[in-house]
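Here is a short note for someone opening this structure for the first time. Please read the points with the model in view.

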Amino acid sequence: MLETLLRKCLKGNQISFGEVEYLLSRTEESETNQIFAAARQARQAAFGNKVFLYGFVYFSTFCQNSCTFCYYRKENANPHRYRKTLREVVAIAEELQKSGVHLIDLTTGDDPFYTKHPERLASIVKAVKEKTGLTVMVSPGLLDRRGLELIQLAGADWFALYQETHRKALFTQLRQGQSYEKRMLAKRYAQDLGMLLEEGLLTGVGDTLQDRVHSFSEMRQLGAAQIRTMTFIQQEGAPLKGTVNPEYHSELMNIAVMRLLFPDELIPASLDVEGLAGLEKRLMAGANVVTSIIPPEQGFSGVANCKHDIDEGYRTVAGIQNTLKRCHLENADTQDYNRWVADRRNADKANVRTGCR
């Protein structure tokens, strides 16, 4: 059955919910290796041996939310809270640009300093865009329509807003006090404005196989151009309890199955989960974007693992090159990435015009 399913996926045929669940449920090493190999074959067909590199600028760690899984939830007294100045953000973005990243990911907690005054956020987007000339992703938490319009006018190419799960009961447990529908509406409006969308799925939070299959279906309906999955890392001071030493199996299976279901989409391997040590297995599962590249000793944090491998310099473009070589992968050119983004934005606009989304 497994070989038949993988052949169907590689030929571009749709498979049923039950068949997706079957793929996700494989645990035997021989079977998971077959799935990972098929995922790499799908990636090679769509992207060759090129991977895209994202620089991460987490410029405010303040947050007004109470997400039960997050280190930076407002009730947690442990995190170092900071807001970087415009000058600091631009300086780090320029350093990342010189190092060879293809995109700058401007991330904050859901900080009212920006979400209630989105013109401040837009000014950062505009300055980073002008100084680096790179594609810009903005991950600011929930923005209203005016905020989305301002960042789009300032030059934002991507809007990232993670649901983490698409089961509303589980969403309510994870994102306490937040509206499932408002987040989905914001994503759709960002797409209507012409921005590309990144959606996110968290695993290890009480999600079932059926929940993950359901999320894949919702991601398809949403039309997200980039879909990321990460393993929940238990956070000091956050109420959600997880496995102290997770095996990351569900995350790797998510990456591989998403690659088979969405061969042309961008799927990140995040350095924020296990640092450099976890990069190879995520790339071997079919990921084609390396995220959370952060220059060392600049006082910037990650999210899931806020300090892991940052000051050691492992989360840099230079620091990941040996891993890419072992995976027979290499950095894409900036032109390759810009071409992919332009083509995808044109396709999304056509879908909006024709009502296909």
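1. Start with helix H7 (residues 145-154), whose buried residues are Gly147, Leu148, Ile151 and Ala154. Buried means under 20% relative accessible area, exposed over 50%, and partly exposed in between (1.4 Å probe, protein chains only). Helices (H or I, at least four residues) and strands (E, at least two) are DSSP runs, numbered from the N terminus.

2. A word on the basis. This is a predicted model: local features need pLDDT of at least 70, side-chain atom pairs count only at pLDDT 80 or more, and totals for chains, interfaces and linings use all residues. Residues are numbered from 1 along each chain as its sequence is written, and side-chain values use heavy atoms, with hydrogens and water left out.

3. What does the buried side of H7 pack against? Its partners are helix H6 (118-132), strand S3 (135-139), S4 and helix H9 (180-192). Contact here means heavy atoms within 4.5 Å. The face turned away from the buried side carries the exposed residues Arg145 and Leu153.

4. Look at both ends of H7. At its start, a side-chain oxygen of Asp144 reaches to within 3.3 Å of the backbone nitrogen of Arg146. After the helix comes Gly155, with a positive phi near 120 degrees.

5. Ile151 also belongs to the largest nonpolar core, which has 81 residues. A nonpolar core is a set of buried Ala, Val, Leu, Ile, Met, Phe, Trp, Tyr and Cys residues joined through side-chain atoms within 4.5 Å. Ile151 is among the residues with the most contacts inside this core, as are Leu23, Leu106, Phe159, Phe216 and Leu283. Helix H11 (residues 249-261) gives the core its largest share, eight residues. A second, separate core has 19 residues, including Tyr72 and Tyr248.

6. Take Phe216 as an example. Neighbours within four places in sequence aside, Phe216 is in contact with Val20, Leu24, Leu201, Asn254, Val257, Met258, Leu261 and Phe262.

7. Two backbone angles deserve a check. Most residues other than glycine have a negative phi. Glu164 is not a glycine, yet its phi is positive, about 75 degrees. Glu164 sits in the loop between strand S4 (158-160) and helix H8 (168-174), and is buried at 3% relative accessible area. Ser292, in strand S8 (residues 289-293), has a positive phi near 65 degrees. Ser292 is buried too, at 8%.

8. How many salt bridges does a search of the whole structure find? The count is 22. A salt bridge is a side-chain nitrogen of Lys or Arg within 4 Å of a carboxyl oxygen of Asp or Glu. One joins Asp272 and Arg315, with the closest N and O atoms 2.8 Å apart. Asp272 lies in helix H12 (residues 271-274) and Arg315 in the loop between S8 and helix H14 (321-326), so the pair ties together parts 43 residues apart in sequence. Both residues, Asp272 and Arg315, are buried.

9. Glu280 pairs with Arg326 at 2.9 Å between the closest N and O atoms. Glu280 is in helix H13 (residues 279-284) and Arg326 in helix H14, so this bridge links parts 46 residues apart in sequence. Glu280 is partly exposed at 28%, and Arg326 is partly exposed at 48%.

10. Finally, Glu251, Glu274, Lys281 and Arg282 are linked in a network of salt bridges.

How values were computed:
A polar contact is a pair of N or O atoms within 3.5 Å; within protein, one must be able to donate a hydrogen and the other to accept it, and residues adjacent in sequence count only if both atoms are side-chain atoms.
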